[in-house]
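Student: I am new to this structure. Can you show me how to read its features, one at a time?
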Amino acid sequence: MPANVALTKEQQDQLKFLYPWYKEEVFRRRERMMWLTASASGVLVLVLAIVRFFPVPATSPATAVLVCLGVALFSGLMAYLIAQQRARHLMAKQVLIAIERELGLYEKGRHLEDAALYPEEWQRAWKRDVSVVIYLAVLAGLTGLVIASLLWR
């Protein structure tokens with residue numbers, strides 16, 4: 001909706017109804033990405049500990065390669081799920097910012113005297129977010145450690 005068009009009471013009520021839902025959705029998606037990363041990391045650390053500290057009978061190179069493929073598939077699936085949550089998080093974040101703009105939360109003087117309720121930079125901060133890169137780097141690093149541990153046993 002263009003900024004110069006005033007919202008009707010019904011439109012304002014709809015936005016006020018949707019706002020908490022989208023706010024919660026943004027946080028829920030972020031939390032889910034963190035949970036997926038923590039869970040996958042925990043599994044990979046457990047596998048690494050098992051491989052390193054528990055003696056097992058000698059396995060064939062083919063078996064080691066199959067186990068490495070399983071680890072890579074597991075990590076790939078978790079990376080895909082994290083990327084999927086990121087895409088949904090970003091969509092919800094963009095809608096949330098649009099709702100915040102329409103509600104005037106970034107306009108100076110609309111809710112607070114000589115100030116905006118929300119800082120202007122919050123509208124762009126999501127573009128500089130590198131958390132997903134960190135999540136995927138941790139997942140890739142642990143996957144590499146597990147695979148190296150399996151191959152050099």
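Tutor: Start with a cut-off: a residue counts as exposed when its relative accessible area is over 50%. Keep in mind that this is a predicted model.

Student: Is Lys108 buried or exposed?

Tutor: Lys108 has a relative accessible area of 70%, so it is exposed. Lys108 sits in the loop between α2 and α3 (131–151). In sequence, Lys108 and Tyr118 are 10 residues apart. In space, their C-alpha atoms are 9.1 Å apart.

Student: Now the helices. How do I read the way α1 and α2 pack?

Tutor: Two packed helices are described by the angle between their axes and the distance between the axes. Here, α1 and α2 pack at about 160°, and their axes are 8 Å apart. That angle makes α1 roughly antiparallel to α2, because an angle over 145 degrees counts as roughly antiparallel. The crossing of α1 past α2 is left-handed.

Student: Which residue classes make up the contact of α1 with α2?

Tutor: The contact has 19 nonpolar, 4 polar and 10 charged residues.

Student: And pockets? What is the volume of the second largest pocket?

Tutor: Rolling a probe the size of a water molecule over the atoms shows where empty space is left. The second largest pocket has a volume of about 170 Å³. Its lining has 13 residues. Val26, Phe27, His89, Lys93 and Leu96 lie nearest its centre. Two elements each give two or more residues to this lining: α1 (9–53) and α2 (61–102).

Student: Which element gives the largest share of that lining?

Tutor: α2 does, with 5 residues. By class, the lining of the second largest pocket holds 7 nonpolar, 1 polar and 5 charged residues.

How values were computed:
Residues are numbered from 1 along each chain as its sequence is written. This is a predicted model: local features need pLDDT of at least 70, side-chain atom pairs count only at pLDDT 80 or more; totals for chains, interfaces and linings use all residues. Side-chain values use heavy atoms; hydrogens and water are left out. On a 1 Å grid over the protein atoms alone, a cavity is a set of points where a 1.4 Å probe fits but cannot get out, and a pocket is an open set with protein on both sides within 12 Å along at least five of seven lines; lining residues have an atom within 4 Å of a point. Grid points are joined across faces, edges and corners, and a volume is the space filled by probe spheres set on the points. Helices (H or I, at least four residues) and strands (E, at least two) are DSSP runs, numbered from the N terminus. Ala, Val, Leu, Ile, Met, Phe, Trp, Tyr, Cys and Pro count as nonpolar, Asp, Glu, Lys and Arg as charged, and the others, Gly among them, as polar. Axes are lines fitted to C-alpha atoms, for helices over the stretch in contact, and angles run from 0 to 180 degrees between N-to-C directions. Angles under 35 degrees count as roughly parallel, over 145 as roughly antiparallel, 65 to 115 as roughly perpendicular and the rest as oblique. A crossing is left-handed if the near helix is turned anticlockwise from the far one by less than a right angle, and right-handed if clockwise. Buried means under 20% relative accessible area, exposed over 50%, partly exposed in between (1.4 Å probe, protein chains only).
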